[in-house]
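This report is meant for a reader meeting the structure for the first time. Please keep the sequence and the 3D view at hand while reading.

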Amino acid sequence: MTEVRFSGRNELEPIFMFWRSSMTDLSGQRVAVIGGGSRLGRAIALAAAEAGAEIVVAGRSAEALAEVADLAPGRADVVQVDLSLPETIARLGTEIGAIDHLVSTVSMHAAGPLATLEDAAIERAVDAKILGPIRLVRATAAAMRPGGSYTFFSGQAAWRPTPGAVVTATVNGGLAFLVQALAVELAPLRVNAIAPGLVDSGALDRLGDEKAAVLADAVARMPVGRVGVPADIVSATLMVIGNGYMTGSVLNIDGGGRLG
């Protein structure tokens with residue numbers, strides 16, 4: 001095996017320059033974020049805009065989407081879509097225009113003992129993680145420019161199932177395999193997924209006084225010794241978008257939580 005040696009920073013500078021341009025510069029590109037009105041989707045959309053992209057923010061709440069569009073430093077288009085309503089996904093395909101990347105952060109929770117879980121909750125979870133992504137690709141693939149990509153969101157539950165998370169684990173695991181099939185089907189377009197662990201994005205605030213105990217318990221089991229923050233997921237998303245050699249992959253951004 002040939003040993004590769006680097007003599008100093010100057011020799012590495014071309015690699016650093018390539019990293020900067022490919023990972024962070026989205027100038028001239030158009031990025032659609034489904035779930036763009038949510039906390040995490042909003043952060044991703046605005047980060048893409050800061051990186052130079054025109055953005056499309058799509059989701060259910062017109063008010064939340066408009067707020068994101070107002071904050072974007074460049075052009076931002078708004079499209080309403082609900083992944084549980086196929087007709088809105090089809091309409092998205094006619095309204096979205098040409099895009100370079102599509103990110104979907106949509107998640108519908110179906111938590112609780114299987115014996116008491118209602119069909120409606122199960123169906124919403126499947127719509128968000130399985131049927132929705134399939135329909136999104138079907139509706140938008142023709143609008144995707146050469147070199148484009150899809151990035152969907154799986155989750156740690158697929159690798160670390162817990163009681164009361166049967167459906168969540170199943171749909172996240174199904175999505176992980178879906179991106180592999182789509183990567184083959186859509187090649188050379190790229191299809192990947194990000195699987196976040198516990199991220200303190202504000203959603204846990206609903207726990208009130210119990211939140212601190214939940215986070216402390218998670219930190220005790222986390223190899224990195226902390227829970228995630230939105231910036232961890234945003235930076236990973238931009239990396240996946242920018243890495244033209246990555247497809248059919250699931251990137252676990254969970255602080256090693258699936259190992260703890």
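How many residues has helix 6, and how far does helix 6 reach from its first C-alpha to its last? Helix 6 (residues 166–186) has 21 residues and spans 30 Å between those two atoms, close to the 30 Å expected at 1.5 Å a residue, where the expected span is 1.5 Å times one less than the number of residues.

## Basis of the model

This is a predicted model, in which local features need pLDDT of at least 70 and side-chain atom pairs count only at pLDDT 80 or more, whereas totals for chains, interfaces and linings use all residues. Residues are numbered from 1 along each chain as its sequence is written, and side-chain values use heavy atoms, with hydrogens and water left out.

The protein chain has an average pLDDT (the predictor's confidence in each residue, from 0 to 100) of 90, and 91% of the residues score at least 70. Over residues 1–9, however, the pLDDT is below 50, and this stretch has 6 contacts in the model beyond near neighbours in sequence, a contact being heavy atoms within 4.5 Å.

Helices (H or I, at least four residues) and strands (E, at least two) are DSSP runs, numbered from the N terminus. Among the buried residues of helix 6 are V167, V171, L175, L178, L182 and L186; buried means under 20% relative accessible area, exposed over 50%, and partly exposed in between (1.4 Å probe, protein chains only). The buried residues of this helix pack against helix 5 (119–140), strand 5 (144–153), strand 6 and strand 7 (250–253).

## The nonpolar cores

A nonpolar core is a set of buried Ala, Val, Leu, Ile, Met, Phe, Trp, Tyr and Cys residues joined through side-chain atoms within 4.5 Å. The largest one has 37 residues, of which I34, L92, L102, L136, Y150, F152 and V191 touch the most other members. Several elements each supply at least two residues of this core, including strand 1 (30–34), strand 2 (54–59), helix 4 and strand 4 (99–104), while helix 6 gives the most, with 8 residues.

Leaving aside residues up to four places away in sequence, I34 touches a set of residues that includes A58, V81, L83, L92, L102 and L136. Apart from this core lies another, of 30 residues, among them A49, F153, L238 and M246.

## Salt bridges

The structure holds 12 salt bridges, each defined as a side-chain nitrogen of Lys or Arg within 4 Å of a carboxyl oxygen of Asp or Glu. One of them joins K211 and D200, at 3.0 Å from N to O. Because K211 lies in helix 7 (residues 211–221) and D200 in the loop between strand 6 (190–196) and helix 7, the pair ties together parts that are 11 residues apart in sequence. K211 is buried, with a relative accessible area of 16%, whereas D200 is partly exposed at 25%. K211 also forms a salt bridge with D205, with the closest N and O atoms 2.6 Å apart, and D205 is partly exposed at 46% relative accessibility.

Within helix 7, R221 and D217 lie 4 residues apart, about one turn of the helix, and their side chains meet in a salt bridge of 3.4 Å, N to O. R221 is partly exposed, with a relative accessibility of 37%, and D217 is likewise partly exposed, at 46%. Elsewhere, salt bridges that share partners join R30, E54, R75 and D77 into one network.
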